[in-house]
Amino acid sequence: MLCDLADELGLTAGLSVAMAPTKQRRRGHDRGRVLVDLAVMLAGGGETISDLATLRDQPQLFGEVASLPTAWRTLDAIDDAALERIAPVRAAVRRRAWAAGADPGFYVVDIDATLVTAHSEKEGAAPTYKRGFGFHPLIAFLDATGEALAAKLRPGNAGSGTATDHVEVLDAALAQLPIDPAEVEVIARADSAGLSHGFVDGCRDLHVRFVIGHRLTADIANVLVNMPESTWQPALSADGRDERDGAEVTEITDLVDLTSWGEGIRMIARREDPHPGAQLTFTDVDGHRFQVFVTDLGDADVAYLEALYRGRGRCERQICDAKDTGLANLPSASFAINTAWLHLVLVAHDLLAWTRRLCLDADLATAEPKRLRYCLLHTAGIITRSARRSTLRLAANWPWTDQLVAAFTQLHASPLRA
């Protein structure tokens, strides 16, 4: 199904064109198809390049799949110039997917970093702030769809709040969106590690609104513990529909000095009762745990804004899914090949996101990669041939057979190439 989706959206053809300058001879495997096969392998749960055998050993299902040396050579051919050609291909495919029904209509770009451990000496690997060793990639996801828009591979000792990296990744993420931030509201969301004057100024230059966590300083904590009870209002649940028990929000813009951040910036705070067994810290005054963030959004409903900021927790889930889709293991000693691998992780993540948006419904439309693999992608079947037709026969008693058939039907019925 993922291979068919890549073909229908034009991803395979686009990558073929983007990779054509890297190949001197026409014979042999098309490198665009090799990249799609690698992305499908990652989406299917592959962890290393050698896992491409899971496709190569099933020629009736996947056709002729490249050998391991060919896959290595393809990844090695992806340099900065190739990545510059691949990026607009991904954007064009995203435009087709959105036109077919994947457009969420609400655009929040989450930017966050994560640690990827290196278990051997690899180019660019370095000690991390958690006393590990490896890499510290920065990734941007679209919250409403789970699409992986952009990423930058960085050494393990790269700063969590490096403004230039945040702006670079945000700029690359915006280039992936089929909308213009100057015309349609786009919100950049990050935790307190992303708060810097450089990133805030970069958001403004790119016509992007922002919601960013702020460190809880002693001065801010002092303001919060002295706030009258009447100023606190109930917080909302993550979906914004219900009030959340044990949590309140308030705005403290007029009680703190925000002049250095420019006009229009606001500070909103949240307090909540720690969950049972939680270890309290010195900032947890009167049994409350506090969080603050800043934004330039003008909405008068501070409870809505706080729920919007708290939604960044879904980015952590996306990072977990990305690590389950190839990010947990960078396979090469070469920094360039690992960078290419990271971008294939983005492609694999997108294929799963588009599958959920365009082909699935009910609970599978929000399923994590592991569940999609079990229910659909790894479903056993028998290929039969009769009267020059190939037929895939699925077990009638498999609980998700109907959903799988419906997904294929939806995939081939959608005007994805329009």
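Buried here means under 20% relative accessible area, with exposed over 50% and partly exposed in between (1.4 Å probe, protein chains only). Helices (H or I, at least four residues) and strands (E, at least two) are DSSP runs, numbered from the N terminus. The structure is a predicted model, in which local features need pLDDT of at least 70, side-chain atom pairs count only at pLDDT 80 or more, and totals for chains, interfaces and linings use all residues. Residues are numbered from 1 along each chain as its sequence is written, and side-chain values use heavy atoms, with hydrogens and water left out.

With strand 10 (residues 243-251), strand 11 pairs in the antiparallel sense over five bridges, and Thr250 is found opposite Ala269. With strand 12 (residues 289-295), strand 11 is joined by seven bridges, again antiparallel; here Arg271 has Phe290 as its bridge partner.

Strand 5 (residues 138-142) is likewise mostly covered, with five of its five residues buried. Leu138, Ala140 and Leu142 lie on one side and Ile139 and Phe141 on the other. Strand 1 (residues 107-113) runs antiparallel to strand 5 and is joined to it by five bridges, with Ala113 opposite Leu138. Strand 6 (residues 148-152) is also antiparallel to strand 5, through four bridges, and Lys152 of strand 6 is the bridge partner of Leu138. Five residues separate the strands in the hairpin of strand 5 and strand 6, where Gly146 takes a positive phi near 80°.

A further open sheet has three strands in the order 2-4-3, paired antiparallel. Strand 2 (116-117) and strand 3 (126-127) stand at its edges with a single partner strand each, so one side of each has no neighbour in the sheet. Two bridges connect strand 3 with strand 4 (residues 133-135), and Ala126 stands opposite Gly134.

Turning to the helices, two packed helices are described by the angle between their axes and the distance between the axes. Axes are lines fitted to C-alpha atoms, for helices over the stretch in contact, and angles run from 0 to 180 degrees between N-to-C directions. Angles under 35 degrees count as roughly parallel, over 145 as roughly antiparallel, 65 to 115 as roughly perpendicular and the rest as oblique. Helix 3 (residues 31-43) packs on helix 6 (residues 68-76) at about 105°, with the axes 10 Å apart, and the pair is therefore roughly perpendicular. Arg31, Val34, Leu35 and Leu38 of helix 3 make this contact (heavy atoms within 4.5 Å) with Ala71, Arg73, Thr74 and Leu75 of helix 6. Helix 6 also crosses helix 13 (residues 335-359) at roughly 95°, the axes coming within 8 Å. In this second contact, Trp72, Leu75 and Asp76 of helix 6 meet Ile337, Ala340, Trp341 and Leu344 of helix 13.

Finally, the cysteines give a count of zero disulfides, a disulfide being a pair of cysteine sulfur atoms within 2.5 Å. The closest cysteine sulfur to that of Cys3 belongs to Cys359, 13 Å away and too far for a bond. Cys203 is in no disulfide either, its nearest cysteine sulfur being that of Cys315 at 14 Å. Cys3 is buried at 13% relative accessibility, and Cys203 is buried at 0%.

Notes: Two strands pair if DSSP finds at least two bridges between them.
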